[in-house]
Amino acid sequence: NAYYRHEDSYEGMTKAIAEYDKALKFEELIIKKVGKKGLAGVYYSRGRTYTYMEELDKATSDYLKSLELDPELMMAMGHLAAIYLDQGRYDKALELSKKYAHLTETKGYPLGYYAYMSRGKCYYYLKEYDKAITDFKRVIDDYDSPYEAVAYRYLGMAYSEKGDEAQAKGCFEKAIELCTQQIEKGDITIPGAYYERGLTYMELKEYNEAISDFKKVIELKPMSDREYGHENYYNEAHRSLGIAYSYVNETQKAKECFERAIELYKKLGGAKHKVEEVEELLNEL
């Protein structure tokens, strides 16, 4: 766990994996000392490290094993649902997110906004917009969370899908306001705030502002080129910058960004689906 907290690279994370592997040679002893829930924690921790490394198949396997040992391990549910969402496996993500939200409600989990944000995204991608809106509003109204700006962006997207452009615009503007406040605070979350604001500008079709924000994320490589909550903003910014350039007919620049994004994704263990998505974007130019 110390290696996981301290190291900040793929290579560094292999040190943590090596220690978890050693620990898991003694499963029976772990169960004897701290029970199945304790063993579930080791599998969860190794899965979380694999997630950082974007070894998503291995992470998925470990999260599933942890939930087999402890069916109410909410952290594992949340991370596994995020992987399923990223891979477009929305039905599986929704099944987990519903369990996660139910446990949050019955056990009073203080970080419940993760559950509602996850379930809301599932509903959004499954085109159940009213249910999505309810969950995003809950994240905004019931919690002081780092996901508030994201929740406003998704809320705006859901309203837009329902044809309520006035409500959507208000939500997008609020998301931009929150991101700007976060940037002005000057903490380690700045790359995420620039990236999120860029995505929101894209929803408003303000592509030059989006381009500026995605470029800033790339410029902040020492801070952005790592995993934050299942996102490597440095890698994602290249993809999103390419999309923004395509909208303003800067085809060559878009091509360069997509090619760079593919190069970055190919370095990672679990990004095959992302490579395929960007290759499709490249082919559409």
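1. The model under discussion is predicted.

2. Helix α5 (residues 74-86) and helix α6 (residues 90-107) have axes that come within 8 Å and cross at roughly 155 degrees. Since angles over 145 degrees count as roughly antiparallel, α5 is roughly antiparallel to α6. The crossing of the two is left-handed.

3. On the α5 side of this pair, the residues that meet α6 are Met74, Met77, Gly78, Leu80, Ala81, Tyr84 and Leu85. The α6 side contributes Tyr90, Lys92, Ala93, Leu96, Ser97, Lys99, Tyr100, Leu103, Thr104 and Lys107. Sorted by class, the contact of α5 with α6 comprises 11 nonpolar, 3 polar and 3 charged residues.

4. For helix α9 (residues 148-161) and helix α10 (residues 165-185), the axes come within 8 Å and the crossing angle is roughly 165 degrees. This angle makes α9 roughly antiparallel to α10. The crossing in which α9 passes α10 is left-handed.

5. From α9, the contact with α10 draws on Glu148, Ala149, Tyr152, Arg153, Leu155, Gly156, Met157, Tyr159 and Ser160. The partners in α10 are Glu165, Gln167, Ala168, Cys171, Phe172, Lys174, Ala175, Leu178 and Cys179. By class, the contact of α9 with α10 contains 11 nonpolar, 3 polar and 4 charged residues.

6. The axes of helix α12 (residues 207-219) and helix α14 (residues 233-247) come within 9 Å and cross at roughly 155 degrees. With that angle, α12 is roughly antiparallel to α14. The crossing of α12 past α14 is left-handed.

7. The contact of α12 with α14 divides into 12 nonpolar residues, 2 polar residues and 1 charged residue.

8. How far does helix α11 reach from its first C-alpha to its last? The helix has 14 residues (190-203) and reaches 20 Å, close to the 20 Å expected at 1.5 Å a residue. Of these 14 residues, 13 are buried, so α11 is largely enclosed by the rest of the structure. Just after α11, Lys205 takes a positive phi of about 60 degrees.

9. Arg5, found in helix α1 (residues 2-6), has a relative accessible area of 71%. Since exposed means over 50%, Arg5 is exposed. Between the C-alpha atoms of Arg5 and Leu85 there is a separation of 25 Å, the two residues being 80 apart along the chain. Leu85 is one of the α5 residues that meet α6.

Terms used
Residues are numbered from 1 along each chain as its sequence is written. This is a predicted model: local features need pLDDT of at least 70, side-chain atom pairs count only at pLDDT 80 or more; totals for chains, interfaces and linings use all residues. Side-chain values use heavy atoms; hydrogens and water are left out. Helices (H or I, at least four residues) and strands (E, at least two) are DSSP runs, numbered from the N terminus. The expected span of a helix is 1.5 Å times one less than its number of residues. Buried means under 20% relative accessible area, exposed over 50%, partly exposed in between (1.4 Å probe, protein chains only). Axes are lines fitted to C-alpha atoms, for helices over the stretch in contact, and angles run from 0 to 180 degrees between N-to-C directions. Angles under 35 degrees count as roughly parallel, over 145 as roughly antiparallel, 65 to 115 as roughly perpendicular and the rest as oblique. A crossing is left-handed if the near helix is turned anticlockwise from the far one by less than a right angle, and right-handed if clockwise. Contact means heavy atoms within 4.5 Å. Ala, Val, Leu, Ile, Met, Phe, Trp, Tyr, Cys and Pro count as nonpolar, Asp, Glu, Lys and Arg as charged, and the others, Gly among them, as polar.
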